[in-house]
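Open your viewer and get ready to click along. We will go from the whole chain down to single residues.

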Amino acid sequence: MSKPTKNPQRPSSVPAYPEKTTGSEAAASIRKQANGWSEQKRAELFEQGMRMIYGGSGPATSKVRP
């Protein structure tokens, strides 16, 4: 029988992450802008996104099978 091997030890220190990055600042800016949108605007953008993902020009409900 072979001897069991030990698992390699993990580094004891936690990596340091920056407080702000370009991406986090951009995301915060977009969230701030989106918070002012109406429910109608959100629904229109959702439908537009669904058309981009699934294709077609009709509402997503028309593609559901009975």
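Start by colouring the chain by secondary structure: there are 2 helices and 0 strands. Helices (H or I, at least four residues) and strands (E, at least two) are DSSP runs, numbered from the N terminus. Keep in mind that this is a predicted model, where local features need pLDDT of at least 70, side-chain atom pairs count only at pLDDT 80 or more, and totals for chains, interfaces and linings use all residues. Residues are numbered from 1 along each chain as its sequence is written, and side-chain values use heavy atoms, with hydrogens and water left out.

Next, select residues 39–54, which form helix 2. How far apart are its end C-alpha atoms? They are 22 Å apart, which agrees with the 22 Å that its 16 residues should span at 1.5 Å a residue (the expected span is 1.5 Å times one less than the number of residues).

Now click methionine 52 in helix 2. Is methionine 52 buried or exposed? Methionine 52 is exposed, with a relative accessible area of 69% (buried means under 20%, exposed over 50%, partly exposed in between, with a 1.4 Å probe and protein chains only).
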